[in-house]
Amino acid sequence: MRILLVGAGGFIGRHLHVALRAAGHQVLATARQPDPGASSDWCRLDLAELARDPRAFAWPAGIELVINAAGLLSTDRTQLDEVQNLGACALFELAAAQGARVLQISALGAEDGPDTDFLATKAAAERHLLSLGMPAVVLRPSLVLGPGAASSRWLLRLSPWPWTPLLDNRARLQPLHIDDLCAAVLALLSHWPQQPCSLALVGPEAMTQGQLLDRLRAAQGWGPGHYWTLPRPLASLGALLGERCGWRALNRQTLRLARSDNLAAAEPLAEACGYRCLPLAARLHDWPQPADSAGLIVQPLLLALLVVVWLGTALACLGPGFDWSLRILAEAGIAGWPARIAVVSGALLDGALGLGLLWRRWRRRALQAQIALMLGYTALITWLLPHYWFDPLQGVGKNLVLLGASLWLLWLQTSSERTRA
């Protein structure tokens, strides 16, 4: 079968691409920004552009099925509406005009009067697809776990800690592994329902977030953890801060989702195509690995330490360290008002770079600027004040450690942005 896979650069799309090709299907994969070195079975499709202009995408010949796996973890309602609703609806209408079937990967909870923008835009696209009267299936998975998933990375960050704060530990969900989602899609392609329909895709076990973390801990060889729920005012404050800073794992939307049950019956899918998801523990063999979880802990820890270092340097230079900074510049032959301007300007720049790390959209640029600044500071000190290399506390030498940490974080940040594209 010739399949147009939309959103093939995302977590679900990447795994579906591999599974469909392994099953012998001919797959034309799309992404907003395909890798320039990708093979000819990739093409560019931006659903936000398609929402504004349905002629923005030239329909490929011979497409029999469209699988829409595109989605956004965003709090921007306009962006969500363009990609998950208006762009998806434009895609469905193109498919209907070309006589192709559609399999829409939606989300469990979109059917129950959704109270978040993420689910509301998914629900709007579902309603439009099912109203077209074309051969269509809406697949609503619960939380999907596996290597490369943003939600999985967050859970893996929590899994090594024996005492863990949670947004909620009463709401239940039925998580499933990405391999089960791929298997369910292949089963639907072999047993396509006769009528347009919506089907829930859920794991066989209902569990709280703490119980889910215990499954992940057990897969890594650790015993059960201890969990406590953040006080509501503190969780709400953190969600508000996360929304302002662009945090995907913590914002008001994820807080509402964490406090709501996410449950459904597995029987309708089994009756439609004969597939049932395996228990989660049966899928957790090669993933997760303890080393990966430890690495995910180190990343935010290093980021927090860099924020403290840069903001602390700025405050110290503008406060009790101001005269000391002037004395250092005097050793280099800089005195008077040029020295004062240099100290104040450097402190403000340090503070701006520290604050830049807190916002996801500015983080990569902030890290690049920090690396350039540390290289510049180190070069100037080596040239003008080389004796500081022999300081017993190694204030200059420690810059090399910060430089290595910044380079590693920049690499991770760039890799993450490339994955989201």
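A salt bridge is a side-chain nitrogen of Lys or Arg within 4 Å of a carboxyl oxygen of Asp or Glu. The structure is a predicted model, in which local features need pLDDT of at least 70 and side-chain atom pairs count only at pLDDT 80 or more, while totals for chains, interfaces and linings use all residues. Residues are numbered from 1 along each chain as its sequence is written, and side-chain values use heavy atoms, with hydrogens and water left out.

**Exercise 1. Describe the salt bridge of aspartate 53 and the accessibility of its two residues.**

Step 1. The partner of aspartate 53 is arginine 55, and their closest N and O atoms are 3.3 Å apart.

Step 2. Arginine 55, at 74%, is exposed.

Step 3. For the whole structure, the search finds 10 salt bridges. Another joins the side chains of glutamate 49 and arginine 44, at 2.8 Å from N to O. Glutamate 49 is partly exposed at 27%, and arginine 44 is partly exposed at 45%.

**Exercise 2. Determine which parts of the chain are tied together by the salt bridge of aspartate 117 and arginine 77.**

Step 1. The closest N and O atoms of aspartate 117 and arginine 77 are 3.0 Å apart.

Step 2. Aspartate 117 belongs to helix α4 (residues 117–131) and arginine 77 to helix α3 (residues 77–98), so the pair ties together parts that are 40 residues apart in sequence. Helices (H or I, at least four residues) and strands (E, at least two) are DSSP runs, numbered from the N terminus. The protein chain has 15 helices and 13 strands.

Step 3. Aspartate 117 is partly exposed at 26%, as is arginine 77 at 39%.

**Exercise 3. Characterise the second largest pocket by its volume and its lining.**

Step 1. On a 1 Å grid over the protein atoms alone, a pocket is an open set of points with protein on both sides within 12 Å along at least five of seven lines, whereas a cavity is a set where a 1.4 Å probe fits but cannot get out; lining residues have an atom within 4 Å of a point. Grid points are joined across faces, edges and corners, and a volume is the space filled by probe spheres set on the points.

Step 2. The second largest pocket holds about 1300 Å³ of space.

Step 3. Its lining comprises 31 residues, and Thr313, Cys317, Ile328, Tyr377 and Ile381 lie nearest the centre. At least two lining residues come from each of α11 (290–318), α12 (322–331), α13 (336–356), α14 (360–384) and α15 (398–420).

Step 4. By class, 22 of these residues are nonpolar, six polar and three charged. Here Ala, Val, Leu, Ile, Met, Phe, Trp, Tyr, Cys and Pro count as nonpolar, Asp, Glu, Lys and Arg as charged, and the others, Gly among them, as polar.

**Exercise 4. State the volume and the lining of the largest cavity.**

Step 1. The count gives one cavity of 30 Å³ or more. The largest cavity has a volume of about 40 Å³.

Step 2. Its lining consists of Ala200, Leu201, Val202, Ala266, Leu269, Tyr275, Arg276 and Cys277.

Step 3. Seven of the lining residues are nonpolar, none is polar and one is charged.

Definitions and conventions: Buried means under 20% relative accessible area, exposed over 50%, partly exposed in between (1.4 Å probe, protein chains only).
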